[in-house]
Amino acid sequence: MKNTQFMAVIAVALGLGLCFAVAADDKPYHVAEGNKVDKTTLEGWRTWRALACERCHGARQEGMVGPSLIEALKRISKDEFKDAVLKGRIEKGMPNFDGSKMVSENIDGLYAYLKGRSDGAIQPGRLEELK
Amino acid sequence: MVLTRTCTWGVLLGLAALPGLALANPEVIKLSQDAKNWAMQAGNMQNHRYSALKQISTDNVKDLRVAWTFSTGVLRGHEGGPLVIGDMLYIHSPFPNKVFAIALSDQQIKWKYEPKQDPTVIPVMCCDTVNRGLAYADGKIFLQQADTNLVALDARTGKELWKVKNGDPKKGETNTNAPHVFKDKVITGISGGEFGVRGYVAAYDIKTGKQVWKAYSTGPDAEMLMDPDRTMTWTDGRMAPVGRDSSLKTWQGDQWKIGGGTTWGWYSYDPKLNLMYYGSGNPSTWNPTQRPGDNKWSMTIWARDVDTGEAKWVYQMTPHDEWDFDGINEMILADGVSVKGKPRNVVVHFDRNGFGYTLDRATGELLVAAKYDPKVNWATHVDMKTGRPQVVKQYSTQAQGQDVNTKGVCPAALGSKDQQPAAYNPANKLFYVPTNHVCMDYEPFKVEYTAGQPFVGATLSMFPAPGSHGGMGNFIVWDAGTGKIVKSKPEKFSVWSGALVTAGNVACYGTLEGYLKCVDANDISKELYKFKTPSGIIGNVNTWEYKGKQYIGVLSGIGGWAGIGLAAGLEKDTDGLGAVGGYKDLKNYTELGGVLTVFSLP
């Protein structure tokens, strides 16, 4: 009985450990000190900046005319995100960015950056490259 | 030959009756000279926003009360104001650009027009879908839709009479400006400086909608309707011809094709000189390092012949812009303004760059260029010989360079004043100016052009002017002859509403919190009346008379640039986010929603 309980605890612990490991690996970004990020994520931030996304979604992604991306990125999948950005949600005022080379090339980085913002792992504002 | 006014009108109306001759100008001038109407967005062609009505005066303005209200049923920013002609009032809304004709007798909606517009236009207007109002002439109401369609409606029925496409939203071209009727033409511009749009103004025949001329702000002389020998500009203290390729020489390669210089402001017209005046906006992108040269003729005051479109003179205020100081603000025509002891007929312009300019409007001579906010720091002064601003290196985003955050530039990109138009009182020859009191940090970065995508290239954050009263605006009185502030009244937020001044010695304006305020025009520190409308005011105040009673009307409906609080965080979480912080406070005062509020004495 005790043994079984012990085994169960171990199993749960292992399971949790596995969960943590998967979660860590799942994160599309690497960040240190809140403002140093991997190159892909950095390019994602630069894309955010170059396409002036803050004009609708706010400097801190908390939403203005457009919705809060802090909230949205907790709900939608990466595929849904890509779809919304590239094809737009025209009726809601979100343009399609598939015409932009920068967005098309950096869509993974853009997702990584916004996911990091949504998770609270990346700070708002200026970023630099994690060396 | 000297004609009496009645006689002149008789002749003009006689001419008007002849088929095929231009007739709108006399009609609109006549309507606007009758103070009972408010027949143009600015009240008259000189952009005065002045009314000769004096039933509402400094003595009784405190007794104003709401006579009636009208909801447009639209959210987001409501700029512009109603037109009143006889017993009808015409009011517009932001996108989808509804138009309502309302009978003043019982406030019944006589007709309503709602265009079908492609919603893809909304994102290219990002982030607000304002419209600055309608124009009237020849029994027609003119609407300049967001999707660039210019429409003529039958003023009696709302029936569409003609429609013409003025631009291409797929390239980022949209419209927010009010159309202007001068003579037999309806003249309009284009927006999209943040999308690399090449700015222009275009004139259409009011009868048919046929384009009569189109003149670009940049590019080859022929496309700007500029004559190298006849078009003049201020050069070494005198007027001289602009010379060949005056624009092309100031751009690298083909950059003028995506070079901005858009034209979404308030134009004016001098019937005697047959010249119209307007300003062109910022060069694209906001990153100055990417576009070397003076970038002519962005940031320019233009005088054009209304019949041919030919540029008579030009004056570039901010060569090689480094701060997004669009030059589109209203051009006000004033007569007999005393400059160095001599009466001059001038055009007065309060630029985004923080300088108030006074120019001889016949010749284009630069007479006065002075700061209308003492906090302006990006230039020490304008050299009156060259006409060029003397830029301070510390605040030069070009000198500081790409990817460097240039801090503490005053004014911010939204200018010491944006499009919110000033009023001019011909009685005391003073200007009543709604202003911003905001500074910024500005970090330019490299961007690539894709048609129809934002082409901005700078991150900025804005905050109330440091070392001042802590607010983000002032309402000021300005002497355009001397270039001096006569009086300044501090405001918590930018004064983003067009002003009105009347023969009753009352000056009125709206605030972003939503107050309509009326002050003593002789001493603007005396606030005589204040009323909280349903939403923040970015519309323009105007006045009319119906059945012996004077009314004051204003559109409320928060939005526009200030209402949106465009700002971006740099460096640290807290750094420079004051602007968002400042404008964010608006949430404590107001919510969205468009309403026309009409006031009168009991």
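Which residue in β40(B) is the bridge partner of B:I552? In this predicted model, the partner is B:F599.

Strand β39 of chain B covers residues 549–556, and strand β40 of chain B covers residues 595–600. The two pair in the antiparallel sense, over 6 bridges. β39(B) also pairs with strand β38 of chain B, residues 542–546. Here there are 5 bridges, and the strands again run antiparallel. Within this second pairing, B:W544 has B:Y551 of β39(B) as its bridge partner. As background, strands of a sheet pair through backbone hydrogen bonds, either parallel or antiparallel.

β38(B) and β39(B) form a hairpin with 2 residues between the strands. In this hairpin B:K547 takes a positive phi near 50°.

Chain B has another hairpin, made by strands β21 and β22. β21(B) spans residues 331–339 and β22(B) spans residues 342–350. They pair over 7 bridges in the antiparallel sense. One of the bridge pairs is B:I332 with B:V348 of β22(B). There are 2 residues between the strands, and B:K340 in the turn has a positive phi of about 50°.

Chain A comes next. It has 131 residues, of which 37% are buried. Its secondary structure consists of 6 helices and 3 strands. Read from the N terminus, these elements follow the order α-β-β-α-α-α-α-α-β. Among the contacts in chain A with a separation of 6 or more, 67% are between residues 24 or more positions apart.

The 3 strands make an open sheet in the order β1-β2-β3, with mixed pairing. The edge strands are β1 (31–32) and β3 (128–129) of chain A, each of which pairs on one side only. β1(A) is joined to β2(A), residues 36–37, by 2 bridges, and these two strands run antiparallel.

What does helix α2 of chain A pack against? Its buried residues pack against β2, α6 and β3 of chain A, together with β31 (458–464) of chain B. α2(A) itself runs over residues 39–50. From its first C-alpha to its last, this 12-residue helix reaches 16 Å, close to the 16 Å expected at 1.5 Å a residue. Because 9 of its 12 residues are buried, α2(A) is largely enclosed by the rest of the structure. The buried residues include A:L42, A:W45 and A:W48. After the helix comes A:A52, whose phi is positive, near 55°.

Two packed helices are described by the angle between their axes and the distance between the axes. For α2(A) and α6(A), the angle is about 105° and the axes are 7 Å apart. That angle makes α2(A) roughly perpendicular to α6(A). Among the residues making the contact are A:T41, A:G44 and A:W48 of α2(A), and A:V103, A:G109 and A:Y113 of α6(A).

A:I70 is found in helix α4, residues 69–75. Is A:I70 buried or partly exposed? A residue needs 20 or more C-beta neighbours within 10 Å to count as buried. A:I70 has 19 inside 10 Å, so it counts as partly exposed. Leaving out residues up to four places away in sequence, A:I70 touches A:Q61, A:E62, A:R117 and A:S118. Its C-alpha atom is separated by 15 Å from that of A:Y29, a residue 41 positions away along the chain.

What is B:L134 in contact with, leaving aside its neighbours within four places in sequence? Its contacts are B:L83, B:Y90, B:H92, B:V99, B:I141, B:F142, B:L143 and B:A178.

How values were computed
Residues are numbered from 1 along each chain as its sequence is written. Chains are lettered from A and ligands numbered from 1 in the order in which they are written. This is a predicted model: local features need pLDDT of at least 70, side-chain atom pairs count only at pLDDT 80 or more; totals for chains, interfaces and linings use all residues. Helices (H or I, at least four residues) and strands (E, at least two) are DSSP runs, numbered from the N terminus. Two residues are in contact if their C-beta atoms, placed from the backbone, lie within 7 Å. Two strands pair if DSSP finds at least two bridges between them. The expected span of a helix is 1.5 Å times one less than its number of residues. Axes are lines fitted to C-alpha atoms, for helices over the stretch in contact, and angles run from 0 to 180 degrees between N-to-C directions. Angles under 35 degrees count as roughly parallel, over 145 as roughly antiparallel, 65 to 115 as roughly perpendicular and the rest as oblique.
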